[in-house]
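Here is a new model to read.

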Amino acid sequence: MENWTNAKLCDVANLILGAILFFSPWIFGFGAGSASANAYVAGLAIAILAIAALAAFAVWEEWLNLVVGFWTLVSPWVLGFQGTTAMTVHVVIGAAVAILAAIELWIMSQNPPRLTTHS
């Protein structure tokens, strides 16, 4: 039960991080462009994956979260907005999402979900 609770806390944290990233262009005043567009798309993807994990857990969701977290982490260099506030926001949130996904994958590897309900 404790591992389930830890996994759900990671999903709630990812939902919050996705929302922060989505609203970061308004919160931190990013200009229009690739940084804002990436924040909207990546933030929405993180939030949707977190909601999916909270509704019905699936292993693929954690792997997708890891990929989106890594993308968010490296996107300032790929899209060319390094050296800005947008870069800092993307790197911090991307690293946090990737770490949370890795923690959930590790929790699952230690305690694989049961496919049957034996008493």
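The talk below moves from the overall fold to single residues.

Trainee: What should I know before reading this model?
Mentor: This is a predicted model: local features need pLDDT of at least 70, side-chain atom pairs count only at pLDDT 80 or more, and totals for chains, interfaces and linings use all residues. Residues are numbered from 1 along each chain as its sequence is written, and side-chain values use heavy atoms, with hydrogens and water left out.

Trainee: What pattern does the protein follow along the sequence?
Mentor: Helices (H or I, at least four residues) and strands (E, at least two) are DSSP runs, numbered from the N terminus. The protein has four helices and zero strands. Read along the sequence, the pattern is α-α-α-α.

Trainee: What share of the residues in the protein is buried?
Mentor: Buried means under 20% relative accessible area, exposed over 50%, and partly exposed in between, with a 1.4 Å probe and protein chains only. The protein has 119 residues. Of these, the buried share is 39%.

Trainee: Among contacts between residues at least 6 apart in sequence, what share joins residues at least 24 apart?
Mentor: Contact means heavy atoms within 4.5 Å. Take the contacts in the protein between residues at least 6 apart in sequence. The share that joins residues at least 24 apart is 63%.

Trainee: Which residues have the most contacts inside the largest nonpolar core?
Mentor: A nonpolar core is a set of buried Ala, Val, Leu, Ile, Met, Phe, Trp, Tyr and Cys residues joined through side-chain atoms within 4.5 Å. The largest one has 16 residues. Helix 1, helix 2 and helix 4 (85-110) are the elements that give two or more residues to this core. The residues with the most contacts inside it are Leu21, Phe30 and Ile93.

Trainee: Which residues does Ile93 touch, not counting those up to four places away in sequence?
Mentor: Set aside the residues up to four places away in sequence. Ile93 then touches Leu17, Ile20 and Leu21.

Trainee: Is Ile46 buried or exposed, and what is its relative accessible area?
Mentor: Ile46 lies in helix 2. Leaving aside neighbours within four places in sequence, its contacts include Asn14, Gly18, Leu21 and Asn65. Ile46 is buried, with a relative accessible area of 0%.

Trainee: How is Asn14 placed, and which residues is it in contact with?
Mentor: Asn14 lies in helix 1. At 0% relative accessibility, it counts as buried. Leaving aside neighbours within four places in sequence, Asn14 is in contact with Ile46, Ala50, Asn65, Val97, Leu100 and Glu104.

Trainee: How far apart in space are Ile46 and Asn65?
Mentor: In sequence, Ile46 and Asn65 are 19 residues apart. In space, C-alpha to C-alpha, they are 6.5 Å apart.

Trainee: Where is the kink in helix 3?
Mentor: The bend at a residue is the angle between axes fitted to the seven residues ending there and the seven starting there. In helix 3 a kink of about 45° lies shortly before the proline Pro76. Its place is Leu73.

Trainee: How far apart are the end C-alpha atoms of helix 3?
Mentor: The expected span of a helix is 1.5 Å times one less than its number of residues. Helix 3 (residues 59-79) has 21 residues, so it should span 30 Å. Its end C-alpha atoms agree with that, at 29 Å.

Trainee: Where is Gly80, and is it buried or exposed?
Mentor: Gly80 follows helix 3, and its phi is positive, near 80°. Its place is in the loop between helix 3 and helix 4. With a relative accessible area of 53%, Gly80 is exposed.

Trainee: Which residues form one aromatic cluster?
Mentor: Rings of Phe, Tyr and Trp (its six-membered ring) pair if their centres lie within 6.5 Å; planes under 30 degrees apart count as stacked, over 60 as edge-to-face and the rest as tilted. The structure holds five aromatic pairs. Phe22 and Phe23 form an edge-to-face pair, 5.1 Å centre to centre with 90° between the planes. The cluster is formed by Phe22, Phe23, Trp26 and Tyr40.

Trainee: Which helices hold Trp26 and Tyr40?
Mentor: Trp26 and Tyr40 form a tilted pair, 5.3 Å centre to centre with 40° between the planes. The pair ties together parts that are 14 residues apart in sequence. Trp26 lies in helix 1 (residues 2-28) and Tyr40 in helix 2 (residues 34-55).
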